[in-house]
Amino acid sequence: DEAEKKLLQWMWALLAGSDQVVSWNGDGFDFPILWARSKRLRLGVDANRWLWLDHMMAFDRLNTAAESGEEKRSLALESIGKAITGKGKLLAPAWAEDVVQGRSMGAATYDLWRAGGRHRALLAEYCLEDTDLMRCIEEKTGYLVLFQTICEACSIFGNTRGLNPTVQMDGFMLKLGAIRGEHFLTREHREGGEKFKGAYVMKPRTHGVETGVHVCDFKSLYPSIILSFNM
């Protein structure tokens, strides 16, 4: 715990000169882990001092080709890195294979750390390469710069929540209202309001295999039916 505490203190000190922290799948792992560990070690850091932006979510939201259905791919950093930049994660060198044993370096993280010495140095290099891969993706796409422009136009924060189109529209309308001297009525916000009922799903009549089915979805079902029956 003492070593982890020093490491986190060093990280927070480095972040003091920045306003925004960006990480791939940060909302899904990095951010909550950093906050929870810092709280457990009683570092007294207020995470609200920074804007936390999930680069993966920004890529997914602003990648219009995927939105239009022209492009379907995994959002894993390895997949996006290879598709956008032609570069993936760092591969394990031959001398580390006795520890890695055919796995990805991400899967072999603990064993590399436990091995110590140059294996730990390799692990640090792996992390640095991941970070640089994000930089290369942004260099090719410019999505983070684009998002910053949206934030400035809509007067919203540059965090993951700001990627929500509703948040952007609300921010823009409030800004426009302030410019025109309009005061909008305050809307009461209630957590967990009544949800709309979803579509009615009929129980299918069995005409074949019903149990032990692994895939129960069908891509482009309606067009396929139309083509199959020449409708």
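**Exercise 1. Describe the largest pocket: what is its volume, and which residues lie nearest its centre?**

Solution. The largest pocket has a volume of about 1,800 Å³. This is a predicted model, in which local features need pLDDT of at least 70 and side-chain atom pairs pLDDT 80 or more, while totals for chains, interfaces and linings use all residues. Residues are numbered from 1 along each chain, and side-chain values use heavy atoms, without hydrogens and water.

Step 1. A pocket is an open set of points on a 1 Å grid where a 1.4 Å probe fits, with protein on both sides within 12 Å along at least five of seven lines; lining residues have an atom within 4 Å of a point.

Step 2. The lining of the largest pocket counts 38 residues, and F29, D30, L34, C127 and T131 lie nearest its centre.

Step 3. Helix α8 gives the largest share of this lining, 9 residues. By type, the lining holds 26 nonpolar, 6 polar and 6 charged residues.

**Exercise 2. Which residues lie nearest the centre of the second largest pocket?**

Solution. Step 1. The volume of the second largest pocket is about 450 Å³.

Step 2. Of its 14 lining residues, R161, T166, D170, L174 and R187 lie nearest the centre.

Step 3. The lining divides into 6 nonpolar, 5 polar and 3 charged residues.

**Exercise 3. Is I225 buried, partly exposed or exposed?**

Solution. Step 1. Locate I225 in helix α11, residues 221-228.

Step 2. I225 is partly exposed because its relative accessibility is 34%, and the class lies between buried (under 20%) and exposed (over 50%), with a 1.4 Å probe and protein chains only.

Terms used: Helix = DSSP H or I, 4+ residues; strand = E, 2+ residues; numbered from the N terminus. Points joined across faces, edges and corners; volume = space filled by probe spheres on them. Nonpolar A, V, L, I, M, F, W, Y, C, P; charged D, E, K, R; others polar.
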